[in-house]
Amino acid sequence: MNTNAQHTSGHVVIGVDTHKHVHVAAVMDTIGGILATLTIPTDTGGFRQLLDWATSFGSVLAFGIEGTGSYGATLASFLRRAGHKVVEAGRPDRRLRRMNGKSDTLDAENAARAVLAGFATATPKSADGEAEMIRQLKIVHDQAVEQRTAAMVTMKAMLVHAPDPLRNETAGKTQIALARHLAGLRPRQLDAPEDALRHALRTLAKRWQYLDTEARDLTKMIADLVHRAAPQLLEPFGIGVDTAAEILVVVGDNPERIKSEAALAKLAGIAPVPTGSGMTSGRHRINHGGHRQLDAAIYRTVIVRMRFHQPTTDYVNRRTAEGKTKREIIRCLKRYVIREVYHLIRPAPRTISAAS
């Protein structure tokens with residue numbers, strides 16, 4: 001018989017510290033404090049064990065999970081499908097960690113306390129639709145583009161040491177033409193450094209061609225998903241498929257979790273941060289947090305509008321006349337773009353039909 005039963009409310013929150021192979025959970029009663037902890041494997045059987053264990057202590061108010069975008073993603077999806085509220089617990093406070101130490105159990109307890117205290121409120125991405133599919137494809141696409149660029153840079157660097165006839169043949173060629181020409185080399189022996197160089201250039205050229213084809217195929221798949229998920233994002237001037245894809249990756253498949261345009265701006269690292277102190281009240285600086293890829297995509301959209309979009313050009317001229325710097329104007333324009341994007345991704349309000 002639990003001697004502490006009379007001191008519990010029957011309403012609990014669960015904190016989970018996630019890892020690759022095991023998760024550690026702690027159950028916390030709203031008035032009784034930490035009741036117990038549990039370690040489970042990271043598979044469906046372990047998730048069911050956690051759910052049965054948690055509900056045995058009473059009504060579960062919420063699960064606070066660390067790392068819902070990485071090791072905790074599968075568990076968060078499982079619990080959400082089971083009808084439970086899931087919030088991102090975030091990283092523990094570093095000051096408290098230095099004071100109290102660190103362990104998996106302590107991290108799970110801190111996650112539960114953060115949920116109960118109201119510090120952890122962020123709704124994680126559901127990762128069950130087109131946005132998650134775009135995210136997965138973009139990981140591979142971006143890596144292919146990076147490796148393709150590296151192959152071309154290496155190819156051109158090695159051509160510096162190539163014989164004059166080969167250098168003259170490849171001078172002035174585009175990347176595609178250069179890769180096609182070098183892939184057509186037919187070195188038949190390996191007796192001198194020149195032979196090894198031709199083998200190396202041919203290998204690099206074939207690698208570049210393969211990565212280029214891979215990147216193009218992935219770009220098409222991402223574009224198809226963007227058109228299917230949110231074609232309205234492609235309507236504003238300056239927003240292309242790449243920018244729209246970054247927006248969808250950050251927003252996720254449940255855009256209702258983002259409650260305001262200010263929240264989206266903070267996610268993108270575009271919201272200004274106050275830096276006033278003493279005689280400098282009212283000063284702000286750029287937020288260096290947020291999703292850097294989305295911030296860069298919004299920046300590119302702003303630059304395109306500043307060059308080719310007449311209303312934006314007029315705005316830049318007016319603000320410049322008021323004494324604003326180019327950096328400040330770009331910061332304002334990025335905020336305008338985020339506001340526009342927020343209203344495009346907001347889920348349509350549900351209409352309730354009147355009963356007949």
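The largest nonpolar core comprises 34 residues, and Ile 134, Leu 233, Leu 264 and Val 341 have the most contacts inside it. A nonpolar core is a set of buried Ala, Val, Leu, Ile, Met, Phe, Trp, Tyr and Cys residues joined through side-chain atoms within 4.5 Å, where buried means under 20% relative accessible area with a 1.4 Å probe, protein chains only. This is a predicted model, in which local features need pLDDT of at least 70 and side-chain atom pairs count only at pLDDT 80 or more, while totals for chains, interfaces and linings use all residues. Residues are numbered from 1 along each chain as its sequence is written, and side-chain values use heavy atoms, with hydrogens and water left out.

- Beyond its neighbours within four places in sequence, Val 341 is in contact (heavy atoms within 4.5 Å) with Leu 233, Ile 239, Ile 247 and Leu 264.
- Another core, of 20 residues, lies apart from it and includes Val 16, Leu 51, Val 60 and Phe 78.

**Lining of the largest cavity**

- A cavity is a set of points on a 1 Å grid over the protein atoms alone where a 1.4 Å probe fits but cannot get out, and lining residues have an atom within 4 Å of a point.
- Lys 125, Ala 127, Ala 131, Glu 132, Arg 135, Val 249, Gly 252 and Asp 253 form the lining.
- Helix H5 (residues 130-159) supplies the largest share of the lining, three residues.

Definitions and conventions:
1 Å grid on protein atoms, 1.4 Å probe; cavity = no way out; pocket = protein on both sides within 12 Å on 5 of 7 lines; lining within 4 Å. Helix = DSSP H or I, 4+ residues; strand = E, 2+ residues; numbered from the N terminus. Buried < 20%, exposed > 50% of the residue type's maximum accessible area, 1.4 Å probe, protein only.
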